[in-house]
Amino acid sequence: MFGSKVRDARNEEGWSLEQLGRKLGLSKSHLGRIETADYMPPPGLAERLDELFGRGNDFRDLYRLARREIHPDQFRRRMELESKAIAIREYTPQIVPGLLQTADYARAQCLSYYPTAEAGWLRDLVGARIARQRDVRTRGTHLSVILDEAALRRPYGNSAVMREQFARLLGPSLTPYSVIQVLPFSHGGHAFAGGSVSLLTLDRGSVVAYEEAVTTGVLLEDQDEANERARHYDLLAASALSPKESADMIRSAMEALPHEQHP
């Protein structure tokens with residue numbers, strides 16, 4: 001994702017590899033290999049890219065994640081495609097998806113799986129997740145999410161963390177660029193019950209699907225396979241609560257939380 005974002009930023013400026021390389025003091029071939037993820041970005045490059053392109057801390061956040069190589073190859077490919085997607089549709093059965101998580105919820109969710117995680121590793125992982133959200137908002141990517149009701153009923157962190165997370169969900173519940181629906185328990189079984197699914201629509205109209213379990217993910221770039229998942233998603237969207245009804249359920253879940261303060 002780091003490499004693809006460098007390429008995207010360079011193309012937006014209309015610079016060739018050679019032109020950007022001169023500005024950064026890198027050869028054309030070296031920079032090209034960074035963009036294709038064949039070479040690891042050297043220390044200090046992320047800071048210079050943020051300054052050059054005016055991206056805040058975007059490249060620094062991505063570099064902290066990239067240098068640790070914590071994601072499987074297929075997830076890195078998914079991240080590259082996500083950075084190019086014009087629309088993202090996601091179904092999650094147990095947790096709020098990463099693109100909608102607050103920092104505290106993300107931290108609590110990560111700690112539930114990695115209870116002995118080092119503070120630096122955890123900070124980098126959460127920072128990269130927030131950077132993804134910022135990137136999607138900046139590009140105006142259309143986001144549609146179906147949350148299983150279990151994601152509302154299963155708390156991560158304390159009540160204050162969940163209250164903040166519910167408030168975060170209510171913001172994009174229905175906007176020109178986003179829609180959030182809840183699939184109630186009463187719907188029963190369905191095709192995606194075994195894991196989460198992301199559908200990425202690219203600018204050429206093709207769809208890529210990414211299916212994820214607890215520790216593994218499968219990227220489906222075959223169009224027939226991706227279209228099959230898209231049909232299942234459409235069926236769930238038709239069966240889920242309306243955005244208004246979903247917001248009401250989220251609000252009800254938030255009001256039912258006991259009042260606690262952040263630790």
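Before the details, a word on conventions: the model is predicted, so local features need pLDDT of at least 70 and side-chain atom pairs count only at pLDDT 80 or more, whereas totals for chains, interfaces and linings use all residues. Residues are numbered from 1 along each chain as its sequence is written, and side-chain values use heavy atoms, with hydrogens and water left out.

Let me start with the sheet, which is open, has seven strands in the order E3-E4-E2-E1-E5-E6-E7, and shows mixed pairing. Strands here are DSSP runs of E with at least two residues, helices are runs of H or I with at least four, and both are numbered from the N terminus; two strands pair if DSSP finds at least two bridges between them. The edges are held by E3 (174–175) and E7 (217–220), each of which has a single partner strand, so one side of each is left without a neighbour in the sheet.

Tyr-210 has Leu-219 in E7 as its bridge partner, and Ala-209 has Leu-220 in E7. E5 and E6 also run antiparallel, joined by six bridges, and Leu-200 stands opposite Val-208 in E6. These two strands, E5 and E6, form a hairpin with five residues between them, and in the turn Gly-205 has a positive phi of about 95 degrees.

Which helices lie on these strands? Helix H11 (residues 223–239) packs on the sheet, where it touches E1, E2, E4, E5, E6 and E7, and its direction makes about 75 degrees with that of E6. Contact means heavy atoms within 4.5 Å, and angles run from 0 to 180 degrees between N-to-C directions, with axes fitted as lines to C-alpha atoms, for helices over the stretch in contact. Helix H12 (residues 243–255) lies across E3 and E4, running at about 65 degrees to E4.

Turning to helix pairs, the axes of H7 (residues 103–113) and H8 come within 10 Å and cross at roughly 130 degrees. That makes H7 oblique to H8, given that angles under 35 degrees count as roughly parallel, over 145 as roughly antiparallel, 65 to 115 as roughly perpendicular and the rest as oblique. Among the residues that meet here are Ala-106 and Cys-110 in H7, and Leu-122 and Val-126 in H8.

How far apart are the end C-alpha atoms of H8 (residues 119–139)? They are 30 Å apart, which agrees with the 30 Å that its 21 residues should span at 1.5 Å a residue, the expected span being 1.5 Å times one less than the number of residues. Just after H8, Gly-140 takes a positive phi of about 70 degrees.

The last pair is H2 (residues 17–24) and H4 (residues 45–53), whose axes come within 11 Å and cross at roughly 110 degrees. That makes H2 roughly perpendicular to H4. Leu-20, Lys-23 and Leu-24 in H2 meet Leu-45, Arg-48, Leu-49, Leu-52 and Phe-53 in H4.
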